[in-house]
Amino acid sequence: MNREQKRAWALVVGMSLALLFVIIAGLLHLLDVGWSRPFVCAAAVALGAGVIACLRVKPDTGAVTSDERDKEIEKSAYLAGFGAVYLFVIVVSFAPIAILGEDGSIPVKYMPGLLLGAGLCQAYAMSIATLVKYGRGGDRHE
Amino acid sequence: MAKSEIQNRIRRLRFDHGEMTQQQLADKARVTRQTIIAIEAGKYAPSLPLAFRIAAAFGLPLEEVFQYTANGDAPPDD
């Protein structure tokens with residue numbers, strides 16, 4: 001497993017856990033059960049741990065650490081990230097109308113959050129694309 | 001998954017050349033071992049310069065290492 005795969009794994013695991021905790025927190029909040037705040041905290045911790053793990057992955061050793069295939073995979077990952085951001089923008093553009101109706105309104109203070117959401121969406125899509133292209137695990141030793 | 005149209009004899013050639021390891025071939029071709037594994041498995045079609053470098057690592061012409069098959073059938077291995 002190379003450095004990019006390890007970084008992608010760290011982000012995918014961290015972000016997936018964070019997403020799971022956010023969904024649970026949202027459901028608890030909607031059902032008015034309480035206990036949603038600890039899940040939001042857990043989501044933040046999972047996301048932070050994923051990002052820290054991603055940043056702490058050591059560089060690959062060896063004479064050649066990147067070649068034409070790595071560059072090709074990187075390009076595909078960027079393309080997937082761009083597509084994910086585009087999809088995210090489409091969804092958040094229409095979701096308020098679909099949920100609140102044509103006369104609904106949302107506070108503008110939520111707008112900067114869209115930037116964060118788009119960034120997370122891009123990182124997630126890039127990590128998934130990287131893992132799909134490289135394969136999930138290591139490789140055979142001969 | 002559809003078979004690649006570019007078939008190769010890298011695995012056989014490695015063993016014919018003193019059981020060359022994937023890492024040794026990767027170093028000679030200036031790529032990572034993962035790329036050699038992917039090419040050997042037919043999961044990645046190398047660029048023309050890389051294909052030439054791999055062939056040069058074995059001291060053979062390109063067509064003795066890589067074969068093009070229109071329908072993805074494996075070429076006869078000797």
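Buried area is the accessible area, taken with a 1.4 Å probe, that two parts lose on being put together, summed over both. In this predicted model, about 1,400 Å² is buried between chain A and chain B. Carbon and sulfur atoms give 38% of that area. The model was treated with local features needing pLDDT of at least 70 and side-chain atom pairs counting only at pLDDT 80 or more, while totals for chains, interfaces and linings use all residues. Residues are numbered from 1 along each chain as its sequence is written, chains are lettered from A in the order in which they are written, and side-chain values use heavy atoms, without hydrogens or water.

Contact (heavy atoms within 4.5 Å) joins 17 residues of chain A to 18 residues of chain B. Helix H3 of chain A gives the most to the side of chain A that touches chain B, with four residues. Helices are DSSP runs of H or I with at least four residues, and strands are runs of E with at least two, numbered from the N terminus. The residues on that side of chain A divide into four nonpolar, five polar and eight charged. Here Ala, Val, Leu, Ile, Met, Phe, Trp, Tyr, Cys and Pro count as nonpolar, Asp, Glu, Lys and Arg as charged, and the others, Gly among them, as polar.

Helix H4 of chain B spans residues 48-58. Its buried residues (under 20% relative accessible area; exposed is over 50%, partly exposed in between; 1.4 Å probe, protein chains only) are B:Leu50, B:Ala51, B:Ile54, B:Ala55, B:Ala57 and B:Phe58. They lie on the same side of H4(B) because they cover an arc of only 155° around the axis, taken from the directions from the helix axis to the C-beta atoms. On the other side, B:Leu48 and B:Ala56 are exposed. The buried residues pack against several elements, including helix H3 (68-100) of chain A and strand E2 (66-68) of chain B. B:Gly59 follows H4(B), with a positive phi near 70°.

Over all chains, the structure holds two salt bridges. B:Glu40 forms one with B:Arg11, with the closest N and O atoms 3.7 Å apart. B:Glu40 lies in helix H3 and B:Arg11 in helix H1 of chain B, so the pair ties together parts 29 residues apart in sequence. B:Glu40 also meets B:Arg14 in a salt bridge (2.5 Å, N to O). Both B:Glu40 and B:Arg14 are buried, whereas B:Arg11 is partly exposed at 36% relative accessibility.

Definitions and conventions: A salt bridge is a side-chain nitrogen of Lys or Arg within 4 Å of a carboxyl oxygen of Asp or Glu.
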